[in-house]
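Good morning, and thank you for joining this group meeting.

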Amino acid sequence: MKEVKIESTLYLYDTLDELPKDVVLLMNKAIEARERAYAPYSNFYVGAALLLDNNKIITGNNQENASYPSGLCAERTAIFYAGSKYPNAKVIRMAISAGSKNNQTTSPIPPCGSCRQAIAEYEIKQETPIEIYFMGEVGKIAKSNSLANLLPLVFDKKVL
Ligand code: THU
């Protein structure tokens, strides 16, 4: 038996002021998208904004449904749209902001497992890392230099 340790690195920023201007702009797009989310069932509003290597910014937010599993998270709404509109563009980074109407979120909210798997697909396809920045409504911002840090032991097409 051999123990295998898996390590991930994240960077935490206290405020948006510590981030480069273009990242702040992207996070503000995610915040605006969050405010347009359709989340009448959970009251949990999430926005995502992607910067592509063609300089386009794509946003998405969570879209809920009376049949709960038919809804979709913000991150997948955004990245599937990017993939459908610009299939050859690479994703440079994604910014995510999540907030609840029930109580203010003050810590970084990471993407759910399904969204990590979906983002991983594009990172593996494009063969360059996707930076992920995520935050609540207020408070610290977390940065991962690549999706791989958020999803060790990814299920990838190599095994198929
Ligand atoms: N949600 C997202 O949009 N992204 C995530 O990564 C986690 C959860 C949405 C789905 C649902 O509409 C609400 O947040 C509560 O789970």
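Helices (H or I, at least four residues) and strands (E, at least two) are DSSP runs, numbered from the N terminus. The structure before you is a predicted model, in which local features need pLDDT of at least 70 and side-chain atom pairs count only at pLDDT 80 or more, while totals for chains, interfaces and linings use all residues. Residues are numbered from 1 along each chain as its sequence is written, and side-chain values use heavy atoms, with hydrogens and water left out.

Let me begin with the strands. Two strands are said to pair if DSSP finds at least two bridges between them. Strand E2, residues 44–52, pairs with strand E4, residues 91–100, in the antiparallel sense over nine bridges. Within that pairing, phenylalanine 44 stands opposite serine 100 in E4. E2 also pairs with E3, again in the antiparallel sense, over five bridges. Here leucine 50 faces isoleucine 58 in E3, and alanine 48 stands opposite glycine 60 in E3.

Is E2 buried or exposed? For this I use relative accessible area with a 1.4 Å probe and protein chains only: buried means under 20%, exposed over 50%, and partly exposed in between. Eight of the nine residues of E2 are buried, so the strand is largely enclosed by the rest of the structure.

I turn next to two asparagines. Asparagine 55 is placed in the loop between E2 and E3. The hairpin of these strands has four residues between them, and asparagine 55 takes a positive phi near 75° there. Asparagine 55 is exposed because its relative accessible area is 65%. Asparagine 43 likewise is not a glycine, yet has a positive phi, of about 60°. Asparagine 43 belongs to the loop between H1 and E2, and counts as partly exposed at 26% relative accessibility.

How many aromatic pairs are there? Rings of Phe, Tyr and Trp (its six-membered ring) pair if their centres lie within 6.5 Å; planes under 30 degrees apart count as stacked, over 60 as edge-to-face and the rest as tilted. By this rule there is one aromatic pair. The ring centres of tyrosine 41 and tyrosine 68 are 5.5 Å apart and the planes lie at 40°, so the pair is tilted. This pair links distant parts of the chain, 27 residues apart: tyrosine 41 is in the loop between helix H1 (21–35) and E2, and tyrosine 68 in the loop between strand E3 (57–61) and H2. Tyrosine 41 is partly exposed at a relative accessible area of 39%, whereas tyrosine 68, at 59%, is exposed.

A charge sits over a ring if NZ of Lys or CZ of Arg is within 6 Å of the ring centre and within 35 degrees of the ring normal. The charged end of lysine 101 sits over the ring of tyrosine 45, 4.2 Å from its centre.

Finally, I come to the spaces in the model. On a 1 Å grid over the protein atoms alone, a cavity is a set of points where a 1.4 Å probe fits but cannot get out; a pocket is an open set with protein on both sides within 12 Å along at least five of seven lines, and lining residues have an atom within 4 Å of a point. Grid points are joined across faces, edges and corners, and a volume is the space filled by probe spheres set on the points.

The count comes to one cavity of 30 Å³ or more, and the largest cavity has a volume of about 80 Å³. Its lining includes Leu52, Ile79, Tyr86, Val91 and Lys125. Helix H2 (74–85) and helix H3 (113–126) each supply at least two residues of that lining.

The largest pocket holds about 250 Å³ of space. Which residues lie nearest its centre? Of the 18 residues lining the largest pocket, these are Phe44, Val46, Asn62, Glu64 and Cys73. E2 and H2 each contribute at least two residues to the lining of this pocket. For residue classes, Ala, Val, Leu, Ile, Met, Phe, Trp, Tyr, Cys and Pro count as nonpolar, Asp, Glu, Lys and Arg as charged, and the others, Gly among them, as polar. The pocket lining has twelve nonpolar, four polar and two charged residues, and the lining of the largest cavity has eight nonpolar, two polar and one charged.
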